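Work through each task with the structure open before reading its solution.

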Amino acid sequence: RAPTGGGGVAAGGVGVWQASSPSSAPCPLSLPLSSVLRGAPKGRCWTDKMQGQAQMVAQLLSQTGNCDDGVRAAAESKLKAFSAKTGFRSCLLDIALHRGAPDQIRLCAIINLKNFVSNAGGIRARAFRDEALNLMRRLATVATGDPAALPNPIFFQMSRSVTNLALSPWRNWEELFGMINNALMEKNNIQRLHRAASLCEEVLEAMLCTPLTCRRAHVVIIAGQIAGAMVSAWKLSMQRVLDATKRLIRLPNSSPNRPQALDSIRRLCSCAAKLSKGLSWSLVKGSMQTPSLSNSTRSDRDSKMMREDNSSSSGVRLRGLCPKDRLKGFTTIIDGFEVLVQAIASIGPRHSLSDDLIGLANSITELICKGHGSHAAILSGCIHKAARAHRNIITLKQKSAESDEMKQLRSRGLYFLTELLMGHTDDAKYCASVEKVYDLATVRNLVQFVVSNYLVPTRSDLEEWAEDPESYFVQTSAQAMGRHLHPRPCAEGFLCILCIRYEAHVLPLLAKMIAHVSASFPPSHLANLSAGKPAPSGSSAAQLLTSP
């Protein structure tokens, strides 16, 4: 899409600030944007391709890094004076996009642009409206375009600029998310997909966490509209992660392609994790409802603001989010999550890729927990799959010293299984699904497994307790449930809810387990265990609790 309209940017052109006429619209360069991004020819100074005022601004930016205080102060003073003129921000963006310019000058230009749009006083000035809309079009076009044209540090500052412009009174949300939606449909360039996911997650989080009065309804609708594209992108990235993991497992350790394959999978995991965080705003909080401008409780001023939002739309309309779409999205996510848990179990805890996959699993299970808490009735059709996947998490083979990521994953698995029994909804279909999940045989097995694997102190637990009792208590006390520092608090909460819901079956089982341990575990062994000494082989508490 070639940006047109306010800002004076013609198709394929780049706007340049005219310092002599503050009220005039920016004039296009004779060179198109594509030729500017290719960089300057060899043997020429990179500023030779810039016209008049752009060259001067670039030189001032280079002087802001001068070690001479006088030169630096003079350059900063001139830049501050020029910043009040119309088109100055477009000039900064031109310099940031100039691939022939030194990276430090490009970064300096985009940071100055980001700082201006972060300033509430400057960004809300009505004289800035046309320039702000033009800037957001250009920034979003480049940020969701070819990643090769934009180094990562510049993209980071550019995404922050887009986020700040999206929070301004002169936003154009539908057009912005239309660009992001198109980038999320990318099938081949995973880096472009990753950047679109990062931009979408950052913008949605900022808009849904910032007080916007009546506009929050509009934000929630747009968040729901883009959920479909985000789910499709998430599914694609997860398929790439799992396929690449299978190929990596077959590669020998001595293969020269192994480091490149590992790096590729880590980038894919990062992309899928970003999409998971973005889906927590769109798929969980998104809505399909249409805001009514005739609401009697809405003030005339708010109605006018809503009309301005709608009138500034470029005509981009995405599919709304209905309960059926939400269920389909979560079903896709839960299916992918279940396969990911199987992959984690197959590669083992010592694999070089396990921490990346576990980190991705943490972001997905956080998304599933949020979705269940907000839409429990809608998720009733896939509750059994979600429960099965989280049971597989808590039953993964344990090792003596686990990473914090693995502890967090086990904690989230126990937390989700607890949440299923908390009665989030009275929906009959949901309640029937939960009852099928927790049949009596499953409840009995879960009680034995949780007590023996999560509540009985291990040697590493006792060593941590002896070394730093206060820290150990903070991490493992019941008050830490939900913070996911250690699986023990969630295991205690899960056992408690099982005792409450299935008292007639759980309490006799616990009494039998305690009696069996009391009869089979001499007091001298308990003293050794308290002192951190190993118990005799075959008589540990965990083995005795799980024995017939």
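A nonpolar core is a set of buried Ala, Val, Leu, Ile, Met, Phe, Trp, Tyr and Cys residues joined through side-chain atoms within 4.5 Å. Buried means under 20% relative accessible area, exposed over 50%, and partly exposed in between, with a 1.4 Å probe and protein chains only. The model is predicted: local features need pLDDT of at least 70 and side-chain atom pairs count only at pLDDT 80 or more, while totals for chains, interfaces and linings use all residues. Residues are numbered from 1 along each chain as its sequence is written, and side-chain values use heavy atoms, with hydrogens and water left out.

**Exercise 1. Describe the largest nonpolar core and name the residues with the most contacts inside it.**

Step 1. The largest nonpolar core has 140 residues.
Step 2. The most contacts inside this core belong to Met158, Phe177, Leu184, Tyr438 and Phe494.
Step 3. Helix α12 (residues 227-250) supplies the largest share of the core, twelve residues. Helices (H or I, at least four residues) and strands (E, at least two) are DSSP runs, numbered from the N terminus.
Step 4. For the protein as a whole, 50% of the 548 residues count as buried, and there are 26 helices and two strands.

**Exercise 2. Trace the surroundings of Phe494 and Leu446.**

Step 1. Contact means heavy atoms within 4.5 Å. With neighbours within four places in sequence left aside, Phe494 is in contact with Leu414, Leu417, Thr418, Leu421, Tyr438, Leu446 and Val450.
Step 2. Leu446 lies in helix α20 (residues 440-455) and is buried, at 6% relative accessibility.
Step 3. Not counting residues up to four places away in sequence, Leu446 touches Arg391, Ile394, Tyr438 and Phe494.
Step 4. Across the protein, 74% of the contacts with a separation of 6 or more join residues 24 or more positions apart.

**Exercise 3. Is Glu174 buried or exposed?**

Step 1. Glu174 is placed in helix α9 (residues 173-184).
Step 2. Its relative accessibility is 8%, so Glu174 counts as buried.
Step 3. Ile222 is 48 residues away along the chain, with 7.4 Å between its C-alpha atom and that of Glu174.

**Exercise 4. Why is helix α4 largely enclosed by the rest of the structure?**

Step 1. Helix α4 covers residues 88-97.
Step 2. Ten of its ten residues are buried, so α4 is largely enclosed. Charged residues by name among them are Arg89 and Asp94.

**Exercise 5. At what angle do helices α21 and α22 pack?**

Step 1. Helix α21 (residues 459-467) and helix α22 (residues 469-476) pack at about 125°, with axes 5 Å apart. Axes are lines fitted to C-alpha atoms, for helices over the stretch in contact, and angles run from 0 to 180 degrees between N-to-C directions.
Step 2. The two helices are therefore oblique to each other; under 35 degrees counts as roughly parallel, over 145 as roughly antiparallel, 65 to 115 as roughly perpendicular, and the rest as oblique.
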